[in-house]
Every structure is written in C-alpha cells, then in structure tokens.
Amino acid sequence: MTNNLFENYKLVRQHTAALTASLSAEDCCVQSMPEASPTKWHLAHTTWFFETFVLEAFEPHFAPFNAAFRVLFNSYYNAVGDKHPRPQRGLLTRPALDEVLRYRSDVDARMRTLLAAQPDNAALQQLVELGLHHEQQHQELMLTDIKHLFSRNPLFPAYAAPGRQASDPVVVHWQPFEGGLVQIGYDGGGFCFDNEKPRHSVYLQPFELATRLVSNADYAAFIAAGGYTEPAYWLAEGWDWCKAQGRGHPLYWHWQGNAWHEFTLHGLVPLDHHAPVLHVSYFEAEAYARWAGVRLPTEAEWECAAARLENNKKSASSAYVESASSYYPCSIQASDMGQLLGVAWQWTQSSYAPYPGFHAPVGAVGEYNGKFMVNQYVLRGGSCITPAGHVRISYRNFFPSSACWQFSGIRLARDA
C-alpha cells in the first residue's frame, strides 16, 4: 500500500497544520487581496480536494461532512459546480476555524479507512498522490499569503522568529552552454504534473546564464540609476502597471532611516544586500534585464542548464538552500551554476503554453493546469518556502506578469 502512501499522506497533512502553529484564528480568516486566500480557506480547500475527488469517488456510502462546503471551498473546478467568489473568501467568518479543523480530522480518518480497504486500487492511489502534491502547493501559498497579510499590518508582525545570518557576497560569472537540440520535459518514473509532459526536443542557440541570482544590491543599483523612472527599460504594459501601482521598488522593500529594509516572514529587517532579490514581477525582472543589457532565460535554457548540473552529478546540496526553519534564502558558494533550485522562483521569458502533444486529462481534474495556459509566464526552480521534495528541474510554475507576492527572483541570460 498503501501503508507507505498513507504515511506520506499523514506527513503532508501534518506539515500543513504545523504551518499554522504561530497563527491566531483572526490571522487565519483575513484575506489581504483578491489574489490571496485566508489560511482557513487553504486548510479547508485542501481537505475539500480529498473529499471531492477521492472519497466521493471511492468511499462506500459516501456522505459529505457538510454539503455546503462543496461550494464554499471549490477553487476553480467548473465541472464540480458552483464556487464562492474568490475575492470574498475573507468574508467567510463561518465556518469557524475549529469546524474547519474538525473537517480535516474527519476526512483524514476516512482516508485512512479507504486506503486500508483498497490497497491495490491504482486509480485511487494516483488521485491521492495528486492531492498530496496539490496540498504541498498550498503549503507554499499559505506562507506567501500570510506574508502579504502581515505586510499590510503597520505592526509588521513576524510569522517566525529570526533564524538567519546575513548572506555572503558571491561573485557572478557567466556559464556557457553550447545549445543545439536538447530534450526538455519530465523524464522519470515518479510523479509530475501534466504540464511537465510530454518530453520533447527544442533547439537552442548557444547561450550563457549568470551563475547566481540577481542580488538585492544589484537591484538597489537599478533603483538608484532611475530604473523605475525610465520607460525605455519597460515593456509598455509594464510601464503602465508601474505607474498605476506607484511602484518604485520591490513589493516588500521599505526606506527607513536612510537605508532599505525588507519585510520578511521574520518581520521588518535591514535589507540583506547579498541575498537574492525577491517578490519582483515579470515586468520588473524584464526591466532589470534590459537595464543590465542582457535578458531573461527561456524555460528551455533554464532546464538545459539544470539538467547539465544534474548530469554532472553535482550534489543536490550545492543547488538547494535548506531553509525550512528560516523561510529565507541565503547565498550559495558555487563555482558552477548556483541558486538554481530551492531559492527563488525564477522568471523566464517563456509564455505558459502547452508542450507539443499535451492533452489535459478528462474530467474535473483535467482543469488543474491546462485551462490556465494563456497570459502567464513560466517560472522555474522553486523557492526557499517550496516544500522539501517538491522541486524538480521540469517543474513549471506560472503567474501573470504583474504577480509579485510569490517568492520570485531573477536569473539573467545572454546570447553567447
């Protein structure tokens, strides 16, 4: 089994609950912007996924915990039925947090019984595995959303106690890649999302990638040079966004006492100049690249570089930042490609589109990725808050060009 599958299920579900340990019931209910969701909603929706797609399909004599939850905690699955409007999730003061936690406990107990009763049901196991990866995505979203919520509080509350030291400077180099015909897309026997397939060939011209991410100091130089006041660096839509938002710096930067500070999950702290810049939109990343005289990589270039690192049998520890306790990236000392995985989601210049031969699965689960393949850009690499084991070199994250509350950063590329 299924014993292993349920153990994994239990660990993932327990980790979700652990992420709320420092939060109050009030913290869990508030929604700070339409794109974010309250923590309570995340707790309920991830439970809704298992109840709706697993228990309803496989549990004998299924009955919902609360029939109203089918609408309240549906996110975007039109095939399931009606949805509560996303911008109004923060108005759901009822059900109370305690009832949502009872909902989780009830579904967990029923899942354990179901998995024990049907240990050889492959379709069941595949849905459970998808549900666990879905919940890991929401674990990351819980942290991004609570950070945005806390950033709107003038007290600048901390989610977690400080647990990091200032980063060391890392010299940037340019790593060459010969290009040619390369294969990208998932190539393995384990889990992947449908948008990572099918594996296919892409032709690349010779290119170079920066060996580290753009740092806060690098980005501060862009600001000091008038980067937010010169339209020549910006896409037309990006310039309009910049002006409409009154944007002059990354989302969580604050100028205090003649120095930059940054709001983090540890509260407001002096800016760590050598850490990677975070929470920049595609518009900002692209403008910075233009100012620097280079460009953003394509997702195929990024994956080609990451595959080379893996093929050279580099230790995974040279590519990851272990930050589960600190929720903040540190610099990586690397002679080859550094900061590729587990530091910051890295914007690429690739539009989020289906790979050649992609077909969305049938049914409501087929809505998971395919219907969002328009007006978004691909990000690669995972972030410092992406759950352990959830990052792959073929993983395709995607957001609209204005999104910046995610832990998104910048890697530069240039033609060879």
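This is a predicted model: local features need pLDDT of at least 70, side-chain atom pairs count only at pLDDT 80 or more; totals for chains, interfaces and linings use all residues.
Reader: How many helices and strands does the protein have?

Author: Helices (H or I, at least four residues) and strands (E, at least two) are DSSP runs, numbered from the N terminus. Here there are 10 helices and 12 strands.

Reader: What does the radius of gyration say about the protein?

Author: The radius is taken over C-alpha atoms, and the globule rule is 2.2 Å times the number of residues to the power 0.38. For 416 residues a compact globule would have a radius near 22 Å, and the protein agrees, with 22 Å. Its C-alpha atoms fill a box of roughly 65 × 50 × 40 Å along the principal axes.

Reader: How many disulfides are there?

Author: A disulfide is a pair of cysteine sulfur atoms within 2.5 Å. The structure holds 0. For Cys-304, the nearest cysteine sulfur is that of Cys-192, 19 Å away.

Reader: Is Cys-304 buried or exposed?

Author: Buried means under 20% relative accessible area, exposed over 50%, and partly exposed in between (1.4 Å probe, protein chains only). Cys-304 is buried at 17%, and Cys-384 is buried at 5%. Buried residues make up 56% of the 416 in the protein.

Notes
Residues are numbered from 1 along each chain as its sequence is written. Side-chain values use heavy atoms; hydrogens and water are left out.
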